[in-house]
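Please keep the sequence and the model in view while reading.

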Amino acid sequence: MDFIEVFEGVAKKFNTLDRTKPIKIISNHDCDGIASAAILVSALSRAGLKFSLSIVQQLNQEVLDSLKLEPYETVIFADMGSGYLSNIEKNLEGKNIFVLDHHKPEDYNPKFIIHINPHLFNLDGTKDVCAAGVCYLFAKALNEENRDLAHIAIIGAIGDNQEKNGFFGLNSLIIKDAVDYGKLEIKESLRMFGMQTKSLHKVLEYSTNPYIPNVTGNERGAIKFLEDLNIKVKDGSKYRRLSNLSEEEMKRLITAIILKRMGSEDAPGDVFGQIYLIKDESDESPTRDAREFSTLLNCCGRLGKPGLGIAACLGDKKMKDAAVELLNQYRREIIASLEWFYKNRGGLKVKEGKGYVLINAEDSVRDTLIGTLTSIVAKSNIYPEGTILVSLAHTLGEETKVSTRIAGFMDSAFDLREMIKKVVKVTGGEGGGHRLAAGATIPQEKEEEFLKLSEQILIGAAVEEIK
């Protein structure tokens with residue numbers, strides 16, 4: 001049986017449950033988790049089922065203790081649970097448990113959990129399908145009408161860094177559903193935030209992916225950048241947009257951005273390529289571009305307003321407008337975080353070793369944004385592909401949030417999830433994730449020990465590579 005066929009059996013099992021009893025959904029607070037939750041909320045609503053939803057930063061004993069006290073007979077874990085199967089079974093025996101995830105599973109064979117994960121079918125959960133894609137395939141098996149949710153799964157996949165100027169594996173089938181259903185349109189263009197809605201110099205000023213040195217976060221720098229390229233900022237009294245550029249101006253702009261970031265004329269990479277436009281959104285909407293929509297969902301989760309992101313996915317205009325306002329705050333915080341990073345490069349807080357970088361932001365970067373900062377740096381071409389990034393930031397409690405990435409998000413023999421597991425075993429805390437992107441929460445007093453142990457492992461990996 002292949003992965004797609006599994007969903008038919010899971011849907012049949014799900015439909016045998018008592019439809020009068022409410023269902024509990026638990027999902028992650030990042031873009032993929034929020035997209036997953038939106039798909040499940042829409043599918044269950046369409047089926048006339050009652051449910052309650054909780055968005056959490058991570059699955060831990062506290063969450064399970066709370067669930068034990070709640071009356072729900074059926075619990076769905078989305079974008080989490082695969083690394084926590086034994087604890088789920090230990091704590092929630094007697095409940096109907098569905099785990100719809102894409103993270104590498106714990107080495108444990110559950111007895112009563114219905115566990116759906118691409119890794120169980122030799123698929124790669126880091127590039128073939130995300131959790132929102134798994135939830136979409138489940139929803140589609142419940143009801144073919146749920147094909148109209150395919151574009152939300154694609155937003156989740158983009159937020160999970162599974163888009164590399166195109167999609168692979170099951171993601172390519174899901175995007176076909178989105179296009180065939182008339183929800184998504186694919187074009188070739190400059191891939192930058194705000195290109196649908198903002199004036200040209202503001203697109204450059206607010207660009208964090210890609211980050212443009214001396215331009216991102218600097219309005220005057222953005223205007224000068226365009227003036228130096230002999231690209232007019234205004235036509236008369238009106239500011240120009242990207243859509244107003246001639247083909248020649250667009251070529252000059254793309255080349256200049258690449259040179260500014262890399263110092264050499266490499267391939268356009270993530271600067272120019274496929275963009276994914278959501279056809280139900282107006283041309284002026286910041287959620288017209290699926291990449292911008294994914295940023296909006298990340299913003300809602302990271303700033304503690306996941307409900308706004310779910311409502312935006314479901315088409316609530318008032319909530320979407322509120323989410324867009326939140327997005328402006330989010331981007332300002334991201335730019336401030338990037339400025340902190342560049343200011344501290346090569347110092348005690350951003351230690352650059354051979355093949356690795358250790359970033360200890362402490363209280364200078366919000367803990368819910370440290371993963372976003374690390375992802376942007378990983379994509380920025382600041383460091384050679386394969387460089388391992390380990391970032392830390394303090395939480396509001398007495399803990400430290402850890403995020404790890406591999407520069408370029410390239411396939412690598414190094415497994416970040418395994419490194420996190422080894423170090424957390426010594427320092428305490430909880431961790432998990434993917435081979436190419438993992439994280440943890442550790443006691444704050446253990447962060448120096450965490451950094452020391454991580455560096456020892458990374459130096460060892462560099463030595464092995466040299467051999």
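## A salt-bridge network

Asp 18, Lys 21 and Glu 73 are linked in a network of salt bridges, a salt bridge being a side-chain nitrogen of Lys or Arg within 4 Å of a carboxyl oxygen of Asp or Glu. Buried here means under 20% relative accessible area, exposed over 50%, and partly exposed in between (1.4 Å probe, protein chains only).

## Basis of the values

This is a predicted model, in which local features need pLDDT of at least 70 and side-chain atom pairs count only at pLDDT 80 or more, while totals for chains, interfaces and linings use all residues. Residues are numbered from 1 along each chain as its sequence is written, and side-chain values use heavy atoms, with hydrogens and water left out.

## Other salt bridges

The structure holds 30 salt bridges. One of them joins Arg 220 to Glu 227, with the closest N and O atoms 3.1 Å apart; Glu 227 is partly exposed at 45%.

Another pairs Lys 251 with Glu 247 at 3.7 Å, N to O. Both residues lie in helix H10 (residues 247-262), four residues apart, about one turn of the helix. Lys 251 is partly exposed at 47%, whereas Glu 247 is exposed at 61%. Helices (H or I, at least four residues) and strands (E, at least two) are DSSP runs, numbered from the N terminus.

## The five-stranded sheet

An open sheet with parallel pairing has the strand order S2-S1-S3-S4-S5; two strands pair if DSSP finds at least two bridges between them. Strands S2 (51-56) and S5 (113-116) are at the edges with a single partner strand each, so one side of each has no neighbour in the sheet.

S4 (residues 96-100) pairs with S5 over four bridges, and Ile 97 has Ile 113 in S5 as its bridge partner. Helix H1 (residues 3-15) lies across S1 (23-28), S3 (74-78), S4 and S5, at about 150° to S5. Contact means heavy atoms within 4.5 Å; axes are lines fitted to C-alpha atoms, for helices over the stretch in contact, and angles run from 0 to 180 degrees between N-to-C directions.

## The six-stranded sheet

A second open sheet, with mixed pairing, has the order S10-S11-S12-S13-S15-S14. Its twist averages 10° from one strand to the next. Seven bridges join S13 (residues 399-406) to the antiparallel S15 (residues 437-443), with Thr 400 opposite Ile 442 in S15.
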